[in-house]
Amino acid sequence: MLAPSSARALLRRPPFPTGFGGQTPIVGASSRWLTTLGHRRQQSTATADATANANDQDVASIHDNVEHQQWARQVLRDAVAAAAPRYTWSKEETAAIYHQPLMELAFQAAQVHRRFHNPSEVQLCTLMNIKTGGCSEDCSYCAQSTRYQKGTGLQAKRVETVETVLEAARIAKANGSTRFCMGAAWRDMRGRNNSLRNVKEMVSGVRAMGMEVCVTLGMIDAEQAKELREAGLTAYNHNLDTSREFYPSIISTRTYDERLATLGHVRDAGINVCSGGILGLGETDKDRIGLLHTAATLPSHPESFPVNALVPIKGTPLGDRKPIDFTSMLRTIAAARIIMPATIIRIAAGRKTMTEEQQAMCFMAGANAVFTGEKMLTTECNGWDDDAVLFERWGLQPMKSFAKSVARAS
């Protein structure tokens, strides 16, 4: 469409060009002028049509966007109003919840949290590395892989003795921890009969103290899961890490389906599944949505869902990555609480870098478990004394072993 000034200029022009001094029209010039005018009119019409089409598309886009926002808000309302966990989430519904405005998302997650959990209770877990380093996997974030040993300087160690582990569990219990977790840097448990025998003795010993007990030993089969259950194991940790699509860029020595198979063996044996992910690997929001969707559509939701923030370790392929922003952590925790309402949401690795206020926001949005003690596997951990101060200041209390309670909001 021509600008108003151009249209006025055309209107001021005489009907035909004249010769010098207002003499009779020059015929050749008149033909050329008429041809040019016709061409300009065609251009003007085409431009007007294109503008009209573009306007129609903009209106349709706005209409579609409004409809999508209305649908997304309805998805959130339905999720918040649910009286029981749901296992049939679509990826689009998961995305609709994840992408809600953050303050609204956190607020609604808090409502769900108060319906399914006592909001003042937080589970205190202590994690011990019972077998450090020497792992054959190539997880890009992990210092325990033999592939990165030269860069990290981490030396492999033998499996800790049963008594050493049980003593560590006693210390953890004395400091208020109610779940004791043991991690071993193995790809799987094939051919490790002696080690499995020792781990089962550790499990039984910790369970005898009245504590919940969790292990993460890599991939296990159905028979090994059954043996661990008989020894008294409460939960087995095997993280999904990220979305199925992004996973191959982080790990190549174990497939996503192998992880899911291990979770299946654990679940079938009657052991609680502990499975979450790591943020800050270089993934996008789409990958975090994929992680949440996978966890929320398992045959039953994980009993606990750890949300880790990558702690970059020099010498590993991800050693130079920048820390994930806090809002991504909060958004993931809040979305997880809404789509997995009965699950324990655990703030895992990376909590050391959070302020008290950031931790409090996570607790309000649905997190209700932390790791506490002297160390994580190879990274720093918030200490018992620090957490005692945190709990006192914010009115929190440790969740008792085997006794997660529900306090419905009045």
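# Close-up views of a predicted model

**View 1. Strand β1 and the cover over its residues.** Strand β1, which spans residues 121-131, is mostly covered, with 11 of its 11 residues buried; buried here means under 20% relative accessible area, calculated with a 1.4 Å probe on protein chains only. Strands are DSSP runs of E with at least two residues, numbered from the N terminus. The model is predicted, so that local features need pLDDT of at least 70 and side-chain atom pairs count only at pLDDT 80 or more, while totals for chains, interfaces and linings use all residues. Residues are numbered from 1 along each chain as its sequence is written, and side-chain values use heavy atoms, with hydrogens and water left out.

**View 2. The strands that pair with β1.** Two strands count as paired if DSSP finds at least two bridges between them. With strand β2 (residues 179-184), β1 runs parallel and is joined by 6 bridges, and M128 has M182 as its bridge partner in β2. Strand β9 (residues 367-371) also pairs with β1 in the parallel sense, over 3 bridges, where Q123 stands opposite A369. Strand β10 (residues 397-398) runs parallel to β1 with 2 bridges, and the partner of V122 in β10 is P398.

**View 3. The largest cavity and its lining.** About 870 Å³ of space lies in the largest cavity, and of the 43 residues that line this cavity, the closest to its centre are Y141, C142, N237, N239 and L377. On a 1 Å grid over the protein atoms alone, a cavity is a set of points where a 1.4 Å probe fits but cannot get out, and lining residues have an atom within 4 Å of a point; the volume is the space filled by probe spheres set on the points, which are joined across faces, edges and corners. Strand β2 gives the most to the lining, with 5 residues.

**View 4. The aromatic pair Y247 and Y256.** The count comes to 1 aromatic pair, under a rule that pairs rings of Phe, Tyr and Trp (its six-membered ring) if their centres lie within 6.5 Å, with planes under 30 degrees apart counted as stacked, over 60 as edge-to-face and the rest as tilted. The rings of Y247 and Y256 have centres 5.2 Å apart and planes at 70°, so this pair is edge-to-face. Y247 is buried at a relative accessible area of 2%, and Y256 counts as buried at 3% relative accessibility.

Definitions and conventions: Buried < 20%, exposed > 50% of the residue type's maximum accessible area, 1.4 Å probe, protein only. Helix = DSSP H or I, 4+ residues; strand = E, 2+ residues; numbered from the N terminus. 1 Å grid on protein atoms, 1.4 Å probe; cavity = no way out; pocket = protein on both sides within 12 Å on 5 of 7 lines; lining within 4 Å.
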